[in-house]
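Have the sequence and the 3D view open side by side.

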Amino acid sequence: MASIILERVSVRYDVGTRAALGPLDLTIGEGECLFVTGPNGSGKTTLARALTGVVPLTTGHIRMSTGVDQNKWPPGTVGWVQQNPRQQMVGATVAEDIGLAPLWLGTTWDQAMKQGQASLREFGLGPWAQYKPSHLSGGWQHMAALAGVHAQDPTLLILDEPDAMLDSCGLDRLKTWVRHLKERHQTFLILGHHERWEEIADRVINLEAGRIVADETTNYRVNEGWQQFLRGWWVGTDQPTVTEVMSEICHGTLNI
Amino acid sequence: MSWHIEHLKVPHNHWEIESMVVPDSGIWGLVGPNGAGKSQVFSRLVSWSIHSKAARFGLVAQNPLLQLTETSVWDQVTWPFRRGRNELSADVHNRVSQILEDWGLLAYREQEPWQLSGGQQRCLALAAMECLAPDVYLLDEPLENLDHGHRNVLESKIREWEQSAAVIITSHSWQWLLTIASAGWWCHEELMPGDLGDLWYRFAGRPETPLEDLWRRLLDVKMPVTPRAWIDPAWARHEVIKMWDRGIIRESTL
Ligand SMILES: Nc1ncnc2c1ncn2[C@@H]1O[C@H](COP(=O)(O)OP(=O)(O)OP(=O)(O)O)[C@@H](O)[C@H]1O
Ligand SMILES: [Mg+2]
């Protein structure tokens, strides 16, 4: 593993139109979790497409810090959960779809199915295993796509709005997985709009019209005092009582 | 006027809506876990409306791409008005242009819908529905993929639509739903109507913010708070202070 370097990268979908992305320079550090945000149409998904190589770069190049150029990366280096996961489900059943990535990457059928089964379990997809992907509800389709890249175990992981459509259980599962990825020092990008990722990510990048307008290591925007006071309670250890909290709200420095 | 619907099957989940009253104005939430059948309820409602000819129910699907069939943004919003004619009346032209403008899509009028970004596609599906002005809007996860600016557009549009149409919304964001709708249905093997604040308290999953968590705990110990007050910190604070002043909070009770 190594960091990933983008140099003067730009993507233009059609000649004569403005570039959907870039030109931009960006280094994605090894083990780093980046939250890429920005208005609709600012180029987030285009960045994902550039990194996965599904759109050709108009200018610039992408390489590993070891020097390996993007077109020499082994298959499966980049795992991508698309914004519309329906577009990436190709198996006849959910179980098969999830097993496809490991299979494609050259493991045996048995191994692939085993890896797939583990992913199915991890994402609570057991009951849906034999369903056609297109017969799942939107939220479960999303879950299945997440399980699919989990089984793929890529070097760089890109999650395009992974929190879309998920109910609170799904969101819990997703957040647990994302925290787990961080512990494992997985290099990954989360694209989206929700502030929840600012807390989890190491770095937040703001795109506007294809350009990086801000690139900051995360700082909590949420009121620090409130956050800190509640943190113990929030994660379930050392709970302040409700009365303590309320007393703080009424008389103390705590400002919600 | 409202519409009474009975015995509507939700096929894949094998349950049935025994009876449902679809109102003719206001904003309503349809909430339930992933896979509960909310989208099916919507498509069944649309099919009911088509067969009964009682009203025009307009669905904006969870996956907007499935609804975008034309080769340009402009055609996507204008095809229902053309009906064989090439020219649009000036009225329609202006109205449609204004709607595209509101959604930030006028600049993309020549672009193919599938070439739009995810958020732009959702805006287009919503804009196309607005052009049709249905009697009931069924919005399946309309908030998803929208940036903050477009969320504001959506919110003000919904408030505009509800004057003359009912707007039924599914969303997993309780916070958002509670700020915009006051009642709705819980959907899980049945359709249970209720106050959204109560439904939140009964059915919502793990709280996402400390304040939401605090509120749940207050309700657990039967504190006289408004279930939905946590959506607005100022409102929550106001209720807490009121209780404190009235001496309702005693250490012993908590
Ligand atoms: N296949 C395509 N062909 C032509 N233009 C495209 C294509 N895909 C995207 N675009 C345009 O490129 C720009 C960037 O799109 P992109 O999908 O990267 O945005 P995004 O930041 O992911 O937005 P969102 O938050 O809505 O998902 C947009 O203006 C979009 O209309
Ligand atoms: Mg996108």
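This is a predicted model: local features need pLDDT of at least 70, side-chain atom pairs count only at pLDDT 80 or more; totals for chains, interfaces and linings use all residues.

A:T45 belongs to helix α1 (residues 44-52) of chain A, while A:Q83 sits in the loop between β5 (78-81) and α2 (94-104) of chain A, so the pair ties together parts that are 38 residues apart in sequence. Both A:T45 and A:Q83 are buried.

Now turn to the strand β5(A). Each of its faces is covered. A:V78 and A:W80 are buried on one side, A:G79 and A:V81 on the other. β5(A) pairs in the parallel sense with strand β6 (residues 156-160) of chain A, over 4 bridges. One place to look is A:V78, whose bridge partner in β6(A) is A:L156.

Move to the largest nonpolar core. This core has 60 residues. Those with the most contacts inside it are B:W103, B:L139, B:I158, B:I169, B:W174 and B:W215. Helix α4 (residues 118-132) of chain B supplies the largest share, 8 residues. Domain 1 (3-203) and domain 2 (206-254) of chain B both contribute residues, so the core lies between them.

Zoom in on B:I169. Beyond its neighbours within four places in sequence, B:I169 is in contact with residues including B:I27, B:W28, B:L139, B:I158 and B:W176.

Another core lies apart from the largest one. This other core has 35 residues, among them A:F123, A:L125, A:L159 and A:A201.

Notes: Residues are numbered from 1 along each chain as its sequence is written. Chains are lettered from A and ligands numbered from 1 in the order in which they are written. Side-chain values use heavy atoms; hydrogens and water are left out. Helices (H or I, at least four residues) and strands (E, at least two) are DSSP runs, numbered from the N terminus. Buried means under 20% relative accessible area, exposed over 50%, partly exposed in between (1.4 Å probe, protein chains only). A nonpolar core is a set of buried Ala, Val, Leu, Ile, Met, Phe, Trp, Tyr and Cys residues joined through side-chain atoms within 4.5 Å. Domain bounds come from an automatic or database domain assignment. Contact means heavy atoms within 4.5 Å. Two strands pair if DSSP finds at least two bridges between them.
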